[in-house]
Amino acid sequence: MSDNTTVQPPFTGFKTLYVALVVLRAIFALFGLGYIHPDEYFQNGEVVAGSILGMKALLTWEWDPVFPCRSIVPVWLSTGIPFSVLNLVLKGQPSSPRTIFVAERLSFLLLSFLLDFSVYHLVHGSVRLESLILVASSHVMYTYQLRPFSNSLEAIFVALSLVLLRKLLIAETNRDSSQRSRFYLAALAAIAVSGLFTRITFAAFFLPLAFEVLKWSLRQTRFMLRPLAYLLYLPLLVALGATIGFIYADTRYFLGTTRHSELEITPLNFLRYNLLPSNLAEHGLHPRWLHLVVNLPMIATPGLLYYVLRTEFDIFVSTSRAGDKNKSKSGVVEMMQRTCYWMRWSATSLLSIQPHQEPRFLTPLLVPMVAMAANNARILQWRKPFLMFWVVANAILATLFGMLHQGGVVPSLFRVHDIVYDDAAGLHSHDIRIIYWKTYMPPPHLLALRQQDVDSEKVTLRDLSGASPDSTLDALLSLSSFSKPLSTLLVTPFHAARELQRQIPGCVTERERVFPHLDLDHIGESVQVGWKEGLSLGIFDVDIVCLRGAVSSERLPETAGVSTSAG
């Protein structure tokens, strides 16, 4: 049997496979502890946990009330409501970090099925199950879409916009009532405003769709101004109302002593911030070809991208051969294919202008790419090379980012919480100082520290990021306790702990380890300490008395040497 043999699973097999993939998605949602990027927590759950659950939370630069760059509305709707329900169920009692984590993930697990819904309605009826399997087996559904990224919400708005456009085009073909069409337009207007206030980059995806809607509107009204005004007045009113609602909610939320009367238009603030190269440099500058050469193949995987490019070539050839008259008489499928084609190019090109580029910025392209390839039908021949590439690539990426990457940070927060609130050796008998070193920034709301405990300085959390060993020692030496014995916890990879232990032998002892934890920024150091410790994150007890003695004895000869030389 040759490599190009077509594989066609039976119809019932597709159903079983899809159900299995849905179950797998739920497992990744609840037990996939990989940590892709700090934004997955600090752009969402961290923002509302403090005010709703009474937890210690850390607000990043985007939420500075002087110049806020994010709208609170998408955050409150996606995570604030689940947290409010959780608070209601617990009747105001403190939440455990595991419960908070599950509430976040369940919310986005349910939201992820809107992408399945969209694919189901965007493809031809004969290929729906196959298309659902494609989207449900993508690593994007096990990683990015299950995490509270703003990009995850943006992907949902993009997908729903395409569904509404298709309904508009079908209504035109079937000559349905204008009332239904105006409802679709109003819904599109609401989604467009919501998408822009979630991420202003939504405009790069929505532009070709908006152009198609404009053409549809002109066809419906035969280029006459009065019928056009009648058709568009409701969606324009909806867009205006939604915009006013977002601005009002954001202004109320960010209202403070520094700005009493100014309206907060967060998308404009975000745009102004990103137009300054110095601001982008703080987050990392990338070559402008990164989206096209690296990020797009990573999101689509090479197999899907190959069929997307073949489909785009077919669309280009058919469009070039057709005259303007034939274009205007294109069917619904052809118009949707062209829209997805231009959406893919519009988003990739416009987002490449900005020199800060991450793979998650392109996750909204998953649904249009799957729909475009499935409607072309080439990909659904299920040839063995494609299946092999698809399964292997998605399995590797889902495991890497869903389970392994920085996978010890979140569970370490759960364990540190248990240590802090242990009845025998926790805050009842000790003041506790917690330091994270050489990990991604720990989201404080998943440590679930009670605000009163932080305010009284019974417990503190500090992130040293990638500080040098000497800076870490200085930070540890600066720790103090006011009324109780001091317990100091250092959470760091084993290669970093070994580096400290060489300088202060006997002062750092392992308490617990969290497996797995893959630190891609320090692969060489992790390999040196062995696979078991290299793939683990350690929770260490630091003996501050021992530390002070070790550092004093180490630094005293240096001081004496300097004094002698000076004499």
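In which sense, left-handed or right-handed, does α8 pass α9? This briefing on a predicted model, in which residues are numbered from 1 along each chain as its sequence is written, relies on local features that need pLDDT of at least 70 and on side-chain atom pairs that count only at pLDDT 80 or more, while totals for chains, interfaces and linings use all residues. Side-chain values use heavy atoms, with hydrogens and water left out. Helices (H or I, at least four residues) and strands (E, at least two) are DSSP runs numbered from the N terminus.

**Helices α8 and α9**

- α8 passes α9 in a left-handed crossing, a term used if the near helix is turned anticlockwise from the far one by less than a right angle, with right-handed used if clockwise.
- The axes of α8 (residues 150-174) and α9 (residues 178-198) come within 9 Å and cross at roughly 160°, where axes are lines fitted to C-alpha atoms, for helices over the stretch in contact, and angles run from 0 to 180 degrees between N-to-C directions.
- The two helices α8 and α9 are therefore roughly antiparallel to each other (under 35 degrees counts as roughly parallel, over 145 as roughly antiparallel, 65 to 115 as roughly perpendicular and the rest as oblique).
- Contact, meaning heavy atoms within 4.5 Å, involves residues of α8 including L153, F157 and L160, and residues of α9 including Y184, L188 and I191.
- The residues of this contact of α8 with α9 divide into 12 nonpolar, 6 polar and 2 charged (Ala, Val, Leu, Ile, Met, Phe, Trp, Tyr, Cys and Pro count as nonpolar, Asp, Glu, Lys and Arg as charged, and the others, Gly among them, as polar).

**Helices α3 and α4**

- Helix α3 (residues 45-53) and helix α4 (residues 72-89) have axes that come within 9 Å and cross at roughly 45°, which makes α3 oblique to α4.
- α3 passes α4 in a right-handed crossing, and the residues of their contact divide into 9 nonpolar, 5 polar and no charged.

**The sheet and the helices across it**

- An open sheet of 5 strands has the order β2-β1-β3-β5-β4 with mixed pairing, where two strands pair if DSSP finds at least two bridges between them.
- β2 (459-463) and β4 (508-514) are the edge strands, each pairing on one side only.
- β3 (residues 486-493) and β5 (residues 537-542) pair in the antiparallel sense over 6 bridges, and I539 in β5 is the bridge partner of V491.
- Helix α19 (residues 409-420) lies across β1 (431-436), β2, β3, β4 and β5, running at about 170° to β1, whereas helix α22 (residues 494-503) lies across β3, β4 and β5 at about 125° to β3.
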